[in-house]
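Notebook open, structure loaded. I'm jotting down what I look up as I go.

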Amino acid sequence: MSGDGQIRVEEGQNEYLPPKNEPKSGFCHSNETVQLLQKLIAEAIGTYMVIFAGCGSVVVNKIYGSVTFPGICVVWGLIVMVMIYSVGHISGAHFNPAVTITFAIFRQFPYKQVPLYIITQVIGSLLASGTLYYVFDVPKEAFFGTAPTGSVLRTFVLEIIISFMLMFVISGVATDTRAVGELAGIAVGMTIMLNVFVAGPVSGASMNPARSLGPAIVMHSYKGLWAYIVGPIIGMVIGGFAYNLIRFTDKPLKEITKSSSFLGSFKGS
């Protein structure tokens, strides 16, 4: 008889004896499934709140003119910081398909969860955008998504650069075990705020395909949308590669990207 899930051999038959605290078999009773659902719910809520607050500041400023551009920059930085500290220990606080993809590429997030995370992030963005659109009765001229103010190519390049900066910082403060993990939220939030200050007037400083997709779909405005999907992904991957290239380690080169992930929430798949 075993209490830890071992196999008992009795009269020539193998019988699996589940431990006393092991839940009944079945998809809905799997601890792994429950944990994944918790992560997805946390990611959806976090993405919703990031988009609602960040894009909400844009809406309020365009309709009422009471937030100002510096205020919008601060709101974006603060809401990301707050949500990292709120759900980072549950879902990893990606809120961004480009971040999720980059973590997976560098083996800091399981590939099998990538599609679920991306779908969840886009749904969160859509729900937040829909909420803003109907609550504020947003007119077309008060579009709260991202749109190039000039050349789409310039926007594309700028999104790559600021996404590179963001992922470089994320990799430094959230995947390197030598960094002060408790400061990750502040560092990431401040990086976003600074990027919005620099790129906001030109590209809208998306850095996040989900942030651009939600408002675009809700308000049917797709100008230069491809740049906000492809640019951040390219920038994030390059940023993750750059940090892993300079990361000091005594491990062989092939092991250089194997490290703990965002706020210690994930380990290699």
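Predicted model: local features only at pLDDT ≥ 70, side-chain atom pairs only at ≥ 80, totals over all residues.

Cysteines first. I looked up Cys55 and got 0% relative accessibility, so it goes down as buried, the cut-off being under 20%. Cys73 is buried too, with a relative accessible area of 0%. I also checked for disulfides and found zero in the structure.

Next, the core. Which residues of the largest nonpolar core touch the most other members? I have Val50, Trp76, Phe144, Ile170 and Ile192, out of 48 residues in that core. Two or more core residues come from each of α1 (31-64), α2 (69-91), α3, α4 (114-135), α5, α6 and α7.

I followed up on Ile192. Skipping neighbours within four places in sequence, I find Ile192 in contact with Trp76, Gly77, Val80, Leu166 and Met207.

Then helix α8, residues 225-246. How far apart are its end C-alpha atoms? They are 33 Å apart, and at 1.5 Å a residue its 22 residues should span 32 Å, so the two agree. Several α8 residues are buried, among them Leu225, Tyr228, Pro232, Met236 and Tyr243. The glycines on my buried list for α8 include Gly231, Gly235, Gly239 and Gly240. The cover over the buried α8 residues includes α3 (97-105), α5 (152-174), α6 (184-203) and α7 (209-219).

The largest share, five residues, is from α6.

Key
Residues numbered from 1 in each chain as written. Heavy atoms only, no water. Helix = DSSP H or I, 4+ residues; strand = E, 2+ residues; numbered from the N terminus. Expected span 1.5 Å × (residues − 1). Buried < 20%, exposed > 50% of the residue type's maximum accessible area, 1.4 Å probe, protein only. Contact = heavy atoms within 4.5 Å. Disulfide = S-S within 2.5 Å. Core = buried A, V, L, I, M, F, W, Y, C linked by side-chain atoms within 4.5 Å.
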